[in-house]
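Good morning, and thank you for coming. I shall take the sheet, then the loop residues, then the salt bridges.

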Amino acid sequence: MPGENFRVADSYLQALREFAFTFDGTTEEYSFGEDTPLFKAPNRKIFAIGSAGPEGTRVSLKLTAEEAEEALTLPFVKPAPYLARNHWVQCTISNEIELDMTLQWVRRSHELVTAKGKRHV
């Protein structure tokens, strides 16, 4: 069915939304349009950006340089547009395994943007 990919992508985007709100103080904004939620920590820093498209749910998130390098070895991960120089990656989720891995990285992204003290480069 032509619309089925969008329904699956929407369900992964909903899973991202539900997971993001497990972190205290998370807010959701739509600075880039109604189909692109930004999830922000209480310090107003973005820790995940989502969008749904025909190829799957896309999630951009921050990792350390080493973590990003390792993640980029996987076929569903690429450098995040406009943010890659800051060690952001973009995951295109098309199955439950990719969703689970991405949500763990979202947790890590949240940790990195809320960490006090030492910057992760």
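The angles I shall quote are taken between N-to-C directions, along axes that are lines fitted to C-alpha atoms. Please also keep in mind that this is a predicted model.

Let us begin with the sheet. It is an open sheet of six strands, paired antiparallel, and the order across it is E1-E2-E3-E4-E6-E5. Strands E1, residues 27–29, and E5, residues 77–79, stand at the edges; each has a single partner strand, so one side of each is left without a neighbour in the sheet. From one strand to the next, the twist averages 25°.

As a reminder, strands of a sheet pair through backbone hydrogen bonds, either parallel or antiparallel. Strand E2, residues 38–40, runs antiparallel to strand E3, residues 46–53, and three bridges join the two. If you wish to locate this pairing on the screen, look for Phe-39, whose bridge partner in E3 is Ala-48.

Which strands does helix H3 lie across? Helix H3, residues 96–114, lies across E3, E4, E5 and E6, where E4 covers residues 56–62 and E6 covers residues 88–93. The helix runs at about 30° to E4.

I turn now to the loop between E5 and E6, where we find both Tyr-82 and His-87. In general, most residues other than glycine have a negative phi. Tyr-82, however, has a positive phi, near 70°. His-87 is not a glycine either, and its phi is positive, at about 70°. Are these side chains buried or exposed? Tyr-82 has a relative accessible area of 81%, and because the cut-off for exposed is over 50%, Tyr-82 counts as exposed. His-87, with a relative accessible area of 22%, is partly exposed.

The last topic is the salt bridges. How many are there in the model? The count comes to six, and I shall go through some of them.

In one of them, the side chains of Glu-28 and Arg-17 meet at 2.7 Å, N to O. Glu-28 is in strand E1 and Arg-17 is in helix H1, residues 4–20, so this pair links distant parts of the chain, eleven residues apart. Glu-28 is partly exposed, with a relative accessible area of 23%. Arg-17 has 19% relative accessibility, and it counts as buried because the limit for that class is under 20%.

Another salt bridge joins Glu-29 to Lys-40, with the closest N and O atoms 3.0 Å apart. Here the link is between strand E1, which holds Glu-29, and strand E2, which holds Lys-40, and the two residues are eleven apart. Lys-40 counts as buried, at 12% relative accessibility. This pair also belongs to a network of salt bridges that links Glu-29, Lys-40 and Arg-44.

Finally, Arg-108 forms a salt bridge with Glu-67, the closest N and O atoms being 2.8 Å apart. Arg-108 lies in helix H3 and Glu-67 in helix H2, residues 65–71, so the pair ties together parts that are 41 residues apart in sequence. Arg-108 is partly exposed, at 23% relative accessible area, and Glu-67 is partly exposed as well, at 26%.

Thank you for your attention.

Conventions:
Residues are numbered from 1 along each chain as its sequence is written. This is a predicted model: local features need pLDDT of at least 70, side-chain atom pairs count only at pLDDT 80 or more; totals for chains, interfaces and linings use all residues. Side-chain values use heavy atoms; hydrogens and water are left out. Two strands pair if DSSP finds at least two bridges between them. Helices (H or I, at least four residues) and strands (E, at least two) are DSSP runs, numbered from the N terminus. Axes are lines fitted to C-alpha atoms, for helices over the stretch in contact, and angles run from 0 to 180 degrees between N-to-C directions. Contact means heavy atoms within 4.5 Å. Buried means under 20% relative accessible area, exposed over 50%, partly exposed in between (1.4 Å probe, protein chains only). A salt bridge is a side-chain nitrogen of Lys or Arg within 4 Å of a carboxyl oxygen of Asp or Glu.
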